Amino acid sequence: MLRKLTKFDFKITMYYTGKIILGLAFTMVIPLIIALIYKEFDSAMDFIIGILSSVIFGLACMKFMKTDKPPNLFQSMIIAAFSWIFACAFCSIPYYLSGHFESYLDVYFDLMSAFTTTGLALIKNVDHVSNALNMWRHMLTYIGGQGIVVLALAFLIRNTGGAYKIMVGEAKDESLEPSITKTAQNIWIISLVSLFVGTTMAAIAAYYDGLSWDRSILHGSWMFMSAWSTGGFAPCTQNLSFYHSYAFEIIMCLYMVMGSFNFALHYVVWKGNPKELLRNIEIKTFVVTLSITTIFVAWGLSAAGIFTNLNSVLRRGILLVISAHTGTGQMAVYANQLVHSWQPLAYMGICIAMMLGGSAASTAGGFKALRIGIFFKGLIHETKRLILPESAVFKMTFHHIKDQIIESGMVKMAGLIILCYCFIYLFGTVVGVACGYPLGQATFESISAGANVGLTMGVVSPSMPAILKITYIITMWLGRLEFLSIFVLVGSVGLAIGQAFKGGRK
Amino acid sequence: MRRYIAILTLAIIVLVPQTIFASSSPPVYSVTDLITKAPELDGKTVTVRGEAITEALERNNGYSWVNILDGPSAIGVWMKNDLKDQIKNYGTNLVKGDIVEITGKFFRNDPEADGELDLRADSLKVVESGYPTPEKINPLKVIVLAILSLVALLLFADNIYKNKKKTQEKKEDFEIENAIHEELE
Amino acid sequence: MQDGLIFNNNGNQSEKKPAIKNGVIKNVVVGFSSEVLFALCLFAWLVILTAIFFFVLSS
């Protein structure tokens, strides 16, 4: 599959990256408007500078790297991986200029966390951040969740011949409709309708519980974006517990769960087939694993006798399970509380929930329910094959949108990716322990980064070692793009360098 | 080095509150201390000092939630509305909030607030008054902005010029074609 | 700018745009509310699970 990297590959990559950056420049207009409304003139300057530099880069790329050809699969995978790096770089400009970060590495960490919908944050003094920057932070998780490339698809790239392939590269490989532009548009329609309804619900809850009306709308929309894209950022240090509101928490849980559904599932259900919800293999797997992890946490917390009433267990424990399992990372307990007063069984339940993650082709991270489902069905299939006589021929099917037969290729792929995830969890843990953190915390944080969850036990802070920040950035990136496109990028770059050396020697 | 600092901070965190504890008035804790030492401090009367942030969340029953920020951590404080009314400024990006000193009962899992780690205030004192901190435009940013606009303008100008040229060429082509047609007819 | 990338495709979109059928809105409403309903049922199930463990273990 690996082949020599040509000049044309570079050209086409830069061309499409330029297009995507240009698209992002337009999204920066929304926080700019917020800045002007709230008279945050310094933040407004940050965004104008951001917009101008991305427009310049985008235009320059499109001018000097102009090409009419659509990218092939190989190229689109490189575009997917490459555009993330550049998108982070340009989106970081308003972050960096805001002065809320200690170093550029911290900025890049937060950006990667936003784009991968992780939700770990190194931002300092988050309660004094401007409304514009808050808007931008949450918009990035929202945009990152729907895929930067999907955004570009929906609005920018007219010739979509190769665009579907870019989406495959971004791990959203469900084609909802034969037409690719339509697929992207559908994803956005689903997200935008939910944004409207969800923001309204959250804003009403926040207003009822004491926030002023304009702040309830802002906070409502931010927290919705954070929940729906399974991101986990919040405009306040205390995250969800800032609001002290049961209703608000239930609404957030609702959107966390809905945000972790497969977009193909949303599409089928929204097309008038709600029964799919009960038949889908991912939903079944999700319900089973969520129930098991809930039992762990409920058992652990109840046995430890920390909480004296049921509502406490629900709001502190079960909310965290849902948040962990959907890969969101909003929390209504304090990071240090997890370290100092949680029982090991409950802690383990949260770790397992984080590892498993939500559905494929959604914004959730982790193994993904589809893979777990296929893997287990494959396991049963193999066992049956060994038990029954060799002459027996039987098929095993699963239901995901339509009934599909399990093939050994599918099981192998699912197993491989699950193994890859385990490897990055382990890798992050090793680096965390090497940096001097206790094993429990290092494991928790590493899983949280690798599975794009964003819960924290307090390791992630501006003062953590740079090497650990870089490790988490890499694991977040790998986990989000599900390895393959990054392997292609790394492999081809390595090959190109190898070629260059060979050429030089000659 | 980092490790020694960590040990030192830990030692300070553990030792300092104990020395203060000996005095008769409720000891002052940082919010981070409250969270890390929650099991020991549960149910005790403590004092915290911090900045009131964002907004008070007023509930229907004459009480409010006020969130207090102290260093890297923040905590929710449940208080009567007349205590809350003493706070005039809340911290946002444009305002530095009032620094308040609150004495109250600390709960690790407050059963009335569904297990939240919080403080139920008995008394409140505004230690430092807040003030507005409007954003000022950084002159360096203006310079960067000017340079960027210039570059963008150049790029745009080039494109517009080319576009014009193209349309003109097209026009000329069209005219030539027309002329040919006319001649043929 | 020549290949019409910025919102330039509005022209051909409006040509093909079909009239919004009543069925579409109804489907969206049904779909959305069924998802909400499903999530709420899931929560109810989790509450039951938690309640069982809570009352058995903490009594």
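Analyst: Let's begin with handedness: a crossing is left-handed if the near helix is turned anticlockwise from the far one by less than a right angle, and right-handed if clockwise. Helices here (H or I, at least four residues) and strands (E, at least two) are DSSP runs, numbered from the N terminus. Keep in mind that this is a predicted model, where local features need pLDDT of at least 70, side-chain atom pairs count only at pLDDT 80 or more, and totals for chains, interfaces and linings use all residues. Residues are numbered from 1 along each chain as its sequence is written, while chains are lettered from A and ligands numbered from 1 in the order in which they are written.

User: In which hand does H14(A) pass H15(A), and at what angle do they pack?
Analyst: Two packed helices are described by the angle between their axes and the distance between the axes. Axes are lines fitted to C-alpha atoms, for helices over the stretch in contact, and angles run from 0 to 180 degrees between N-to-C directions. Here, H14(A) passes H15(A) in a right-handed crossing, and the two pack at about 145° with axes 10 Å apart.

User: Which residues make the contact of H14(A) with H15(A)?
Analyst: Two residues are in contact if their C-beta atoms, placed from the backbone, lie within 7 Å. From H14(A) the list includes A:Thr289, A:Leu290 and A:Val297, and from H15(A) it includes A:Val313, A:Gly317 and A:Ile318. By class there are seven nonpolar, six polar and no charged residues. Ala, Val, Leu, Ile, Met, Phe, Trp, Tyr, Cys and Pro count as nonpolar, Asp, Glu, Lys and Arg as charged, and the others, Gly among them, as polar.

User: How many residues does chain A bring to its contact with chain C?
Analyst: Chain A brings 29 residues, and chain C brings 25. On the chain A side, H14(A) gives the most, with eight residues. That side divides into 21 nonpolar, five polar and three charged residues.

User: And how many residues of chain B touch chain A?
Analyst: There, 43 residues of chain B are in contact with 44 of chain A. Helix H5 (residues 139-184) of chain B gives the most to the chain B side, with eight residues. By class, the chain B side has 19 nonpolar, 13 polar and 11 charged residues.

User: Why does H10(A) count as largely enclosed?
Analyst: A residue is buried if 20 or more other C-beta atoms lie within 10 Å of its own, exposed if 12 or fewer, and partly exposed in between, with C-beta atoms placed from the backbone. In H10(A), 12 of the 16 residues are buried, so the helix is largely enclosed by the rest of the structure. Among them are A:Trp222, A:Phe224 and A:Trp228. In chain A, 62% of the 506 residues count as buried. By contrast, A:Asn125 is partly exposed because it has 14 C-beta neighbours inside 10 Å; A:Asn125 sits in the loop between helix H5 (104-115) and helix H6 (131-146) of chain A.

User: Which members of the largest nonpolar core touch the most others?
Analyst: In soluble globular proteins, nonpolar side chains tend to be buried together. A nonpolar core is a set of buried Ala, Val, Leu, Ile, Met, Phe, Trp, Tyr and Cys residues joined through C-beta atoms within 7 Å. The largest one has 199 residues, and A:Ala87, A:Met354 and B:Ile68 touch the most other members. Helix H4 (residues 73-98) of chain A supplies the largest share, 13 residues.
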